[in-house]
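Welcome, and please open your viewer.

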Amino acid sequence: MSAEPLLTVERLRKHYAVTKGILFARTLGHVKAVDDISFTIAAGETLGLVGESGCGKTTTSKLILNLEEPTDGRILLEGKPIHGLKGEALREFRSQVQAVFQDPWSSLNPRMTIGRIIAESLIVIGWGTPGKIEERVRELLRQVGLRPEQATQYPHEFSGGQRQRIALASALASRPKLIVLDEPVSALDVSIRAQMMNLLKDIQARDKLAYLLVAHDLATVRHMADRTAVMYLGRIVEYAPTKTLFEDVRHPYTKALFSAVLQARPNQPEDEIVLPGEVPSPLNPPSGCRFHTRCPFVMARCAVEEPRLREVSPGHQVACHLYQAA
């Protein structure tokens with residue numbers, strides 16, 4: 001890992017105004033999709049981002065891809081802010097940060113050959129001559145386990161797993177430093193998932209790529225991520241090395257999340273933790289700890305005092321009053 005992070009996220013917030021009316025619109029409030037989160041990703045590292053639907057994972061990834069402007073806070077790539085870029089600086093950023101999404105079918109133009117799809121980003125950034133671009137496309141197809149001669153075929157001629165490989169080849173084309181992986185294997189058959197995860201890890205080891213892995217599937221996160229951040233209602237509630245997190249879960253929400261979808265110790269079956277109530281609205285989140293309305297260990301202070309992320313063991317941070325002095 002490098003001493004200086006490749007990506008730094010500092011006090012990041014994204015609030016969406018909720019308005020009523022057209023001519024005389026008035027603001028009713030703000031949806032706090034992302035509300036004061038911080039983390040880093042080093043070159044060659046994978047950070048897993050997990051949580052229920054609506055917790056802010058997708059908004060975070062959009063902010064990192066520079067598809068949204070933050071309400072507050074900042075994101076730095078190699079020490080330089082990524083928002084507000086224009087012209088050549090923005091093109092350079094686009095070449096350094098790419099994405100692979102859950103559904104490759106929706107991201108691949110059915111009217112274009114896969115060779116043209118992969119070459120498109122290189123053409124846009126003026127990567128080189130047509131001959132060099134064609135050579136790069138052939139090289140990329142080999143890297144992701146496809147044959148160079150398949151460059152003349154169309155997306156519908158490939159299986160779901162092969163289309164995801166094509167999407168990965170397209171993301172790799174400009175030799176990025178960071179790839180946002182948004183549920184990259186959840187749409188694939190179980191038999192294909194391991195192949196795709198191993199391919200991603202092999203490419204990462206070779207090119208020292210960094211990944212932000214946004215996922216619901218905790219088994220994927222456990223296999224791929226070096227560190228994992230758990231989000232709830234726009235906040236990070238637990239943040240630790242992945243091995244540490246899976247062996248020593250601390251936050252009540254993380255425990256419930258893990259118990260619902262992952263049996264960490266098959267020989268020691270544990271009862272599933274069922275949380276009461278629904279996830280509160282991000283338009284009007286609870287005061288104090290946002291999880292206190294559903295927490296089985298709630299205390300009086302939880303409703304009025306917001307817990308901050310604090311270290312409970314080396315590299316393991318938890319935002320919970322159970323682990324903080326009164």
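**The whole protein**

Show the surface first: the accessible surface of the protein comes to about 16000 Å², and 52% of that belongs to carbon and sulfur atoms. Accessible areas here come from the Shrake-Rupley method with a 1.4 Å probe, and for residues only the protein chains shown count as cover. You are looking at a predicted model, where local features need pLDDT of at least 70 and side-chain atom pairs count only at pLDDT 80 or more, while totals for chains, interfaces and linings use all residues. Residues are numbered from 1 along each chain as its sequence is written, and side-chain values use heavy atoms, leaving out hydrogens and water.

Now switch to a cartoon. You will find ten helices and twelve strands; these are DSSP runs numbered from the N terminus (helices are H or I with at least four residues, strands are E with at least two). The radius of gyration is 21 Å, close to the 20 Å that the globule rule gives for 326 residues, so the protein is as compact as a globular protein of that length. That radius is taken over C-alpha atoms, and the rule is 2.2 Å times the number of residues to the power 0.38.

How many of the 326 residues count as buried? The share is 48%, where buried means under 20% relative accessible area, exposed over 50%, and partly exposed in between (1.4 Å probe, protein chains only).

**An open sheet**

Select strands β2, β1, β4 and β5. In that order they form an open sheet with antiparallel pairing; two strands pair if DSSP finds at least two bridges between them. The edge strands are β2 (26-41) and β5 (80-81), each pairing on one side only.

Zoom in on β1 (residues 7-20) and β4 (residues 72-77), which run antiparallel and are joined by five bridges. Pick V9 and look across to β4: its bridge partner there is I75.

**A covered strand**

Next, select β6 (residues 97-100). V97 and A99 on one side are buried, and so are Q98 and V100 on the other, leaving both faces covered. Q98 has I179 of β7 as its bridge partner.

**A helix and its end**

Finally, select α1 (residues 57-64). Is this helix mostly covered or mostly open? It is mostly covered, with six of its eight residues buried: K57, T59, T60, S61, L63 and I64. Just after α1, stop at N66, which takes a positive phi of about 65°.
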